[in-house]
Amino acid sequence: MIANLAQLAAEETGQNPLIPAGPELLIGTIAFAIVFFFFWKKLLPNINKVLEERRAAIEGGIEEADAMKVEAQSVLEQYKAQLAEARHEAARLRQEAQEQGATLIAEMRAEGQRQREEIVAAGHAQIEADRKAAAGALRQDVGKLATDLAGKLVGESLEDYARQSRVIDRFLDELEEKAGGDRDDLVAGPEPAVLQMR
């Protein structure tokens with residue numbers, strides 16, 4: 001239908017519809033030149049400026065991203081170095097703690113050994129003192145019993161302290177010479193001393 005209308009219009013005017021008339025062509029060319037000049041002077045520089053800023057921003061962003069990547073890599077390397085150093089320090093501290101613990105345990109054992117030896121020595125000294133006190137008390141008791149027994153056997157009193165002391169000492173010296181004698185020998189022992197006194 002439009003093609004029919006164009007044909008009808010061309011037949012009426014006698015001109016080709018695809019070729020414009022001369023004055024229209026001149027006005028169209030002037031209008032095109034004005035629009036082209038306006039675009040070339042005003043819009044094209046602004047468009048180029050915006051495109052250049054955008055290109056610079058993109059390139060700057062890429063460079064900044066590369067710089068940040070290099071910086072991040074550097075920070076990562078520093079972190080890894082610090083982590084390795086911290087692990088090394090932790091291992092060194094752990095080793096020192098183990099050595100100090102072993103030293104402390106050895107010192108505590110040595111101190112415990114020393115205290116044990118002191119306690120044992122004090123115990124031996126106390127036992128020796130108790131043994132000597134018991135031997136002294138036993139010597140007195142055995143001497144008194146021996147003197148009383150000898151007095152009863154002899155029939156006379158052995159009240160003389162010097163004689164009593166000599167008899168007791170001689171009896172106990174004989175007992176000590178027998179160094180392996182047991183308690184039965186100790187009970188049977190006073191009789192020979194009393195008999196020697198006669």
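Modeller: Let's begin in helix α2, which spans residues 22-154: E59 and R55 both sit there, four residues apart, about one turn of the helix. Helices here are DSSP runs of H or I with at least four residues, strands are runs of E with at least two, and both are numbered from the N terminus. Please keep in mind that this is a predicted model, in which local features need pLDDT of at least 70 and side-chain atom pairs count only at pLDDT 80 or more, while totals for chains, interfaces and linings use all residues. Residues are numbered from 1 along each chain as its sequence is written, and side-chain values use heavy atoms, leaving out hydrogens and water.

Back to our pair: E59 and R55 form a salt bridge, with the closest N and O atoms 2.7 Å apart. By that term I mean a side-chain nitrogen of Lys or Arg within 4 Å of a carboxyl oxygen of Asp or Glu. In general, side chains of opposite charge can pair when their charged atoms come close. E59 is partly exposed at 37% relative accessible area, and R55 is partly exposed at 39%. For these labels, buried means under 20%, exposed means over 50%, and partly exposed is in between, with a 1.4 Å probe and protein chains only.

Now move along to R92 and E96, which form a salt bridge with the closest N and O atoms 2.3 Å apart. These two are four residues apart in helix α2, so about one helical turn separates them. R92 counts as partly exposed at 35% relative accessibility, and E96 is partly exposed at 31%.

Next come R114 and E111, whose side chains meet in a salt bridge at 2.3 Å, N to O. Here the spacing in helix α2 is three residues, again described as about one helical turn. R114 is partly exposed at 36%, as is E111 at 31%. The structure holds seven salt bridges.

Let me turn to the rings. The structure holds three aromatic pairs. One of them is F32 with F36, a stacked pair at 6.2 Å centre to centre and 20° between the planes. Rings of Phe, Tyr and Trp (its six-membered ring) pair if their centres lie within 6.5 Å; planes under 30 degrees apart are stacked, over 60 edge-to-face, and the rest tilted. F32 and F36 both lie in helix α2, four residues apart, about one turn of the helix. F32 is exposed, with a relative accessible area of 58%. The rings of F37 and W40 have their centres 6.4 Å apart and their planes at 50°, so this pair is tilted. F37 and W40 are also both in helix α2, three residues apart, about one turn. F37 is partly exposed at 48% relative accessibility, and W40 is partly exposed at 47%.

Finally, here is the setting for all this. The protein has five helices and zero strands. Of its 198 residues, 9% count as buried. The accessible surface comes to about 16,700 Å², of which 61% belongs to carbon and sulfur atoms; areas come from the Shrake-Rupley method with a 1.4 Å probe, and for residues only the protein chains shown count as cover.
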